[in-house]
Amino acid sequence: MSASRPAAVIVLAAGEGTRMKSRTSKVLHELCGRSMLGHVLAAAAGLEPERTLVVVGHRREQVVEHLAQHAPDAETVVQERQGGTGHAVRMVLEQVGALRGTVVVTNGDHPLLRGETLADLVRTHEAEGNAATVLTTEMPDATGYGRMVRGADGSVQAIVEHKDADEAQRAIREINVGMYAFDGALLADALKRVTTDNANGEEYLTDVVAIVRGDGHRAGAHLVADWVETQGVNDKVQLAQARRQLNDRILEAHMRAGVTVVDPSSTWVDAQVTLEADAEILPGTQLHGATRVEAGARVGPNCTLTDTRVGAGAVVINAVCVQAEIGPDASVGPFAYLRPGTRLGRKAKVGTYVETKAAEIGEGTKVPHLTYVGDAEIGEYSNIGASSVFVNYDGVEKHQSVIGSHVKVGSDNMIVAPVEIGDGAYTAAGSVIVQDVPPGAMGVARARQRNIEGWVERKRPGSPAAEAARRARAAGEDTPGDGAPGGA
Ligand code: UD1
Ligand code: MG
């Protein structure tokens, strides 16, 4: 049976999160490319609720801004004073009006919860015709959680918070995860009768269970076998543990789909990354954001890629790439930095100690060593000599260089933009190119060499260099006519 669309999902995110000891709102802490709240919203989105309502309070400006950016369809409801989880949901219902049908409520700090588990909760709720259904699990250590109190027949009677529980209740291992499905109308009615008569002096949402039971309605539970998935995050130790678990889950799904991950323990992949079957990820690699690695491409060891596309069969080694597009069978690194706007064509190469930015590098073109290419367009099958710089910044503005196809830029060139080098042109090593080079021309832009004979022996007499020069001269005099051909 498929679950029907809930009228609303309400996410509780107004709490302070004191134990995070952070200026950032607890629910905005990130793992695997999304905030905790983002993971909860992604799980909730699977239910296709008619409305998504997020309760905000502490550091609400941050949360509101985050939602505007990442979940613009979510509506926010302000809870001015944190009067408890029941108070939070009551504020929502008072502000948005009655919600008819199924209403799902979830804590905002459970990033490991799967969408399928929420769907199972809604299915159980509807199949059993419950007024309230609680997601539960059996924790090895239930300290701090609300305990599920069941009757002799196994039916759910109430939830008792840890602080309010007696010894016998504290021995119960089944706990309230903090996710619920309610009948909207009965929830609204019950919340009006929740009191603050408890250890915290707060309105507990959990009291709704006993209230609807008292009214003669059914309450139920959906028990999750894997308690790890239900863990909340309250401090940075738990955040790191949740990140590790989520990462393991993401990698496992990729490996089952045919991706090779050589060392899962040193590989970190964000939730939104796409990896095709037969992509190979080597140790020490982090893939962030909307990165995509296509079939047969090899990334790593030690790469950090953000919003980068790696084409089929490409190889990327020891590189940092941000918003770059690497064409099929292209090669990057070792030790390359591809910055935003870099686009490598098929079989292009960006080699060792090369940095690129806003650079279009055509099919088969090579930038093999020690070079900066910024604001440039390079055609096909050209070669940029070692140790060259595309001088794109005049201190005020950035300028563009345009290099044609089959061009050979010599080593140690300064390509001073704006400038164009035509198809098939060459430039001499050590040139400072400030003027356009027409197609097929050889651009030479350097001083002509002159040798001052005997300078070292005259100016540095007695030095090891002068001694070496003297020996070489003497040996040359012994074998006349043995000089290098063409030597001046
Ligand atoms: C709650 C449950 C407990 C459950 C546990 C699971 C209650 C009374 N207890 O306890 O049974 O085992 O979660 O983690 O609900 N929040 C607001 N406004 C408030 C208070 C809280 O939005 O006024 C939000 C918090 O930001 C958080 C969530 O509600 O996301 C839960 O609040 P928290 O104080 O952590 O409740 P627990 O004591 O953990
Ligand atoms: Mg909590």
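This is a predicted model: local features need pLDDT of at least 70, side-chain atom pairs count only at pLDDT 80 or more; totals for chains, interfaces and linings use all residues.
Q: A polar contact is a pair of N or O atoms within 3.5 Å (within protein, one must be able to donate a hydrogen and the other to accept it, and residues adjacent in sequence count only if both atoms are side-chain atoms). With that in hand, what does the side chain of Thr 342 reach?

A: The backbone oxygen of Arg 339, at 2.8 Å. Residues are numbered from 1 along each chain as its sequence is written, while chains are lettered from A and ligands numbered from 1 in the order in which they are written.

Q: Why does Thr 342 count as buried?

A: Buried means under 20% relative accessible area (exposed is over 50%, partly exposed in between; 1.4 Å probe, protein chains only). Thr 342 has 1% relative accessibility, so it counts as buried.

Q: Where does Thr 342 lie, and which residues does Thr 342 touch?

A: Thr 342 sits in the loop between β25 and β26 (343-344); strands here are DSSP E runs of at least two residues and helices H or I runs of at least four, numbered from the N terminus. Leaving out residues up to four places away in sequence, Thr 342 touches Gln 323, Ala 324, Glu 325, Thr 356, Lys 357, Ala 358 and Ala 359, where a contact means heavy atoms within 4.5 Å.

Q: How do you know that β27 and β28 pair?

A: Strands pair if DSSP finds at least two bridges between them. β27 and β28 have 10, in the parallel sense, and Lys 349 is bridged to Lys 366 in β28.

Q: Which other strands pair with β27, and over how many bridges?

A: β24 (residues 331-332) is joined to β27 by 2 bridges, running parallel, with Ser 331 facing Lys 349 as bridge partner. β25 pairs with β27 in the parallel sense over 3 bridges, and Leu 338 has Thr 356 as its partner there. β26 runs parallel to β27 too, over 2 bridges; Leu 344 partners Ile 361.

Q: What makes a set of residues a nonpolar core, and how many residues has the largest one?

A: A nonpolar core is a set of buried Ala, Val, Leu, Ile, Met, Phe, Trp, Tyr and Cys residues joined through side-chain atoms within 4.5 Å. The largest here has 56 residues, with Val 316 and Ile 326 making the most contacts inside it. Elements giving two or more residues to this core include α8 (236-256), β27 (349-361) and β28 (366-378), and α8 has the largest share, 5 residues.

Q: Which residues come nearest to ligand 1?

A: Of the 20 residues around ligand 1, they are Gly 15, Gln 79, Thr 85, Glu 161 and Asn 176; near means a heavy atom within 4 Å. A backbone N or O atom of Ala 14 is 3.0 Å from a ligand 1 oxygen, and for a polar backbone atom of Gly 83 the distance is 3.4 Å.

Notes:
Side-chain values use heavy atoms; hydrogens and water are left out.
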